[in-house]
Amino acid sequence: MTNTFNRQISKVRQLADSLSLSISTHEYKEGCPLPSINQLSINHNVSRDTVFKAFKELKQKGIVDSTPTKGYFVCNAVNKVLLLLDTNSPFKYELHKALSKSMDLSVKIDLYFHNYNEELFNKIILDSVGRYNLYLIMNYQNDKYSQILDKLDHNKVLLLDFGKFEKDKFSYVCQGFDSTLYDCLNEGIQYFKKYKKIVFVFPNSSEHPKSCIPYFEQFCEDNEIPYELIPEINEDVIIKGVAYLIVSHSDLVEVLKITRKKKLALAKDVGIVVFNDEPVFEILDNGITAISTDFKKMGEVAAEYIRTRNKVQVYIPTKLIVRESL
């Protein structure tokens, strides 16, 4: 264990984290005694009170215990989990919330975001090798396998959300993006038939898998509905009699602003469907229709994986949630 401390974080927290890491990597196994308060005080050049408070923190988490004869010992090996998500968004918050809610005090989750930056993604993975019991990771691309993942023990990795690549050696819980879009649109065929055209607003910079676009086009062609693919929103493209399929939530805001300015009524004059549901969409403009997977369910499956370590390979269904905007 290191005796170098970061001045921006309390010594108590750093010592507790250091002991927790040593336990999670089996330097100290369940039932084994830990170094004495005096020994840790000398090794880390901290006060006895700092060591005592660090032990107290680990005891409150159920990781260590103490007796008059044994001193402090490991009573419940801590599980350190790396949770690497793509972006900080409300629907990813639902995943994290469901995951955290199901965990006991012996599980410590470190949350990071890579923001679709390959260099950052690789750095986080490399820095985490050997430091965690389990790795829950959203790849930075949906259809490209990241070779950096081979640095990790495949049996300790759960891939989340993205995964249109060969991944049988991993556990995974993912959503579908391609044929599932066709199926979701088909569920709402009676609504889409009301409109003279469907416009798919797909920004050039979007990280949403472009492989879904042919399935959108196929749906429109199979049902003889005119369609258009556009990269951005402006007032000229928002017209009466058109349904809009929207990837970006910022584009949704722009569309709603323009429809209000032009006095176009949702579901009557224009239709709106957005990807990735959020709680606010239930009440925004009497309800915004969404195509979304159940991120809460994804979090629950991930929590079960952490508890059992049983290999899991599932796709969470993507659904059309019809509300008043369509």
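The largest cavity in this structure holds about 80 Å³ of space. This is a predicted model, so please keep that in mind throughout.

What is the make-up of the lining by class? There are 7 polar residues, 4 nonpolar ones and no charged ones.

That brings me to α6 itself. Helix α6, residues 179-187, packs against helix α8, residues 213-222. The angle is about 35°, and the axes are 8 Å apart. The crossing of these helices is right-handed. On the α6 side the contact is made by Ser 179, Leu 181, Tyr 182, Leu 185 and Asn 186. From α8 come Tyr 215, Phe 216, Gln 218, Phe 219 and Asp 222. By class, this contact has 6 nonpolar residues, 3 polar and 1 charged.

Helix α2, residues 37-44, packs with α3 at an angle of about 115°, with the axes 9 Å apart. Here too α2 passes α3 in a right-handed crossing. Which residues make the contact? Ile 37, Asn 38, Leu 40 and Ser 41 take part from α2, and Arg 48, Val 51, Phe 52 and Phe 55 from α3. They divide into 5 nonpolar, 2 polar and 1 charged.

Last, charge pairs. Side chains of opposite charge can pair when their charged atoms come close. Searching the whole structure gives 17 salt bridges. One of them joins Asp 49 and Lys 53, with the closest N and O atoms 3.2 Å apart. How are these two residues placed along helix α3? Helix α3 covers residues 48-60, and because Asp 49 and Lys 53 lie 4 residues apart in α3, about one helical turn separates them.

Technical notes:
Residues numbered from 1 in each chain as written. Predicted model: local features only at pLDDT ≥ 70, side-chain atom pairs only at ≥ 80, totals over all residues. Heavy atoms only, no water. Axes fitted to C-alpha atoms, helices over the stretch in contact; angles between N-to-C directions. Left-handed = near helix turned anticlockwise from the far one by under 90°. Contact = heavy atoms within 4.5 Å. Nonpolar A, V, L, I, M, F, W, Y, C, P; charged D, E, K, R; others polar. 1 Å grid on protein atoms, 1.4 Å probe; cavity = no way out; pocket = protein on both sides within 12 Å on 5 of 7 lines; lining within 4 Å. Points joined across faces, edges and corners; volume = space filled by probe spheres on them. Salt bridge = Lys/Arg side-chain N within 4 Å of Asp/Glu carboxyl O.
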